[in-house]
Amino acid sequence: MAETFANATQVLEPFRGIKKVTIEEYFTSGHRTCQGCESALIMKLMVKAAGPRTIVLGSTGCMYVANTTYYTTPWVVPWMHTQLGSSGSAALGTAAGLKALMRKGKMKAEPINVIAFCGDGGGADMGLNGISATLTHKDYNCLILLYDNESYANTDIQLSGMTPYGANTTFSPPGSVKRIIHTRWKKNMAPMMAVGHPECRYVATVCGSFAVEMMNKVRRALTIGGPTFIHSLDPCPKGWDYDPMLSHELGELAIETGIFPLYEVEDGIVKYYGKTKSLVEGRARKPVREYLLKQGRFAHFTEEDLAYFQAKIDEMWQKWEIPGVIPFRQLERSKAAVDVK
Ligand SMILES: Cc1ncc(C[n+]2csc(CCOP(=O)(O)OP(=O)(O)O)c2C)c(N)n1
Ligand code: SF4
Ligand SMILES: [Mg+2]
């Protein structure tokens with residue numbers, strides 16, 4: 001009977017400009033993240049966009065540990081910690097639990113946002129299976145937000161599957177004999193979620209340097225219905241080794257160099273945003289060295305390393321089927337035809 005209520009989403013209109021953003025905060029003082037931590041900013045924007053009728057679930061990592069020191073917390077909304085690889089199952093279980101309680105009349109039937117966040121270690125590495133499973137369950141409304149600071153930051157900057165090529169981490173310190181220890185390219189997380197999960201209607205990338213856009217994507221993700229996924233790139237002064245005052249600028253540079261494109265995929269349609277849109281329309285990308293050399297984790301890069309990194313980014317924009325998003329390329333038709341004999 002309460003079926004429609006139990007699966008209804010909130011009405012969250014997009015903020016039309018910074019002056020229209022609500023002033024209420026649901027992630028306030030009481031956290032102990034580093035100065036300039038963009039992941040903390042993402043938490044604040046995420047829950048500001050979602051509003052008071054929201055439950056936040058967070059897997060282990062900086063955003064759990066630094067946000068819930070004994071007896072202090074910045075969370076104003078209900079909040080729960082979940083195991084490192086469990087953001088997907090926490091989201092699905094909570095959404096399913098709420099729906100069941102509402103259906104049985106054990107709690108008031110009303111739309112409640114369920115957001116589970118995970119780090120890159122917890123989400124793109126350990127918890128990938130749980131997130132994938134959740135994105136197949138179209139009957140449950142929940143958002144999984146992967147905050148990507150490009151390392152296992154909380155345990156002292158170990159490399160993850162999202163650490164960029166060549167970065168200095170505690171697992172990949174450059175040496176005099178071998179300069180580049182980490183030689184793998186970062187996972188392409190958002191498209192992996194979008195392409196592989198036909199029931200997931202909304203996937204987006206965001207960056208805290210573009211706050212209104214970020215909040216509006218959260219609002220869209222929470223209102224479209226079913227499970228959704230957002231990937232944010234979060235400059236991390238400690239792990240990336242830079243002056244905290246550069247956090248905002250580094251976020252912008254990640255987009256302007258084309259390293260991290262801002263887009264959304266809604267019902268299979270790719271829409272580019274902001275500065276990424278102008279890159280797609282022909283505006284020149286800034287050289288990757290402007291972004292990389294501001295960070296101590298790339299201080300050992302030689303001209304050769306910078307050229308390699310640049311070539312990989314150029315490839316994303318010049319050769320990919322959907323620039324910056326989908327890497328597949330088609331062979332010429334004659335060569336692509338499968339020889340069945
Ligand atoms: C199963 C499991 N393995 C290892 C740990 C130790 N651990 C706690 S936080 C953390 C780092 C998580 O990295 P990420 O998800 O990227 O979040 P960040 O710390 O970067 O915010 C690790 C390895 C754990 N809590 N649980
Ligand atoms: S280590 Fe990085 S992600 Fe963790 S609290 Fe500090 S700035 Fe934020
Ligand atoms: Mg991390």
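## Ring pairs

Two rings of Phe, Tyr or Trp (its six-membered ring) pair if their centres lie within 6.5 Å; planes under 30 degrees apart count as stacked, over 60 as edge-to-face and the rest as tilted. This is a predicted model, in which local features need pLDDT of at least 70, side-chain atom pairs count only at pLDDT 80 or more, and totals for chains, interfaces and linings use all residues. Residues are numbered from 1 along each chain as its sequence is written, and side-chain values use heavy atoms, with hydrogens and water left out.

Ring pairs join F27, Y64, W75, W79, F117 and Y147 in a cluster. In total, the structure holds 15 aromatic pairs. One of them, between Y165 and Y308, is tilted, at 4.7 Å centre to centre and 45° between the planes.

## Accessibility of the paired residues

Buried means under 20% relative accessible area, exposed over 50%, and partly exposed in between (1.4 Å probe, protein chains only). Y165 is buried at 11% relative accessibility, whereas Y308 is partly exposed at 35%. Y308 also pairs with W185: the ring centres are 6.4 Å apart and the planes stand at 80°, so this pair is edge-to-face. W185 is partly exposed, with a relative accessible area of 32%.

## Charges over rings

A charge sits over a ring if NZ of Lys or CZ of Arg is within 6 Å of the ring centre and within 35 degrees of the ring normal. The charged end of K217 sits over the ring of Y273, 4.1 Å from its centre. For R219, the charged end sits over the ring of F15, 4.0 Å from the centre.

Note on methods. Chains are lettered from A and ligands numbered from 1 in the order in which they are written.
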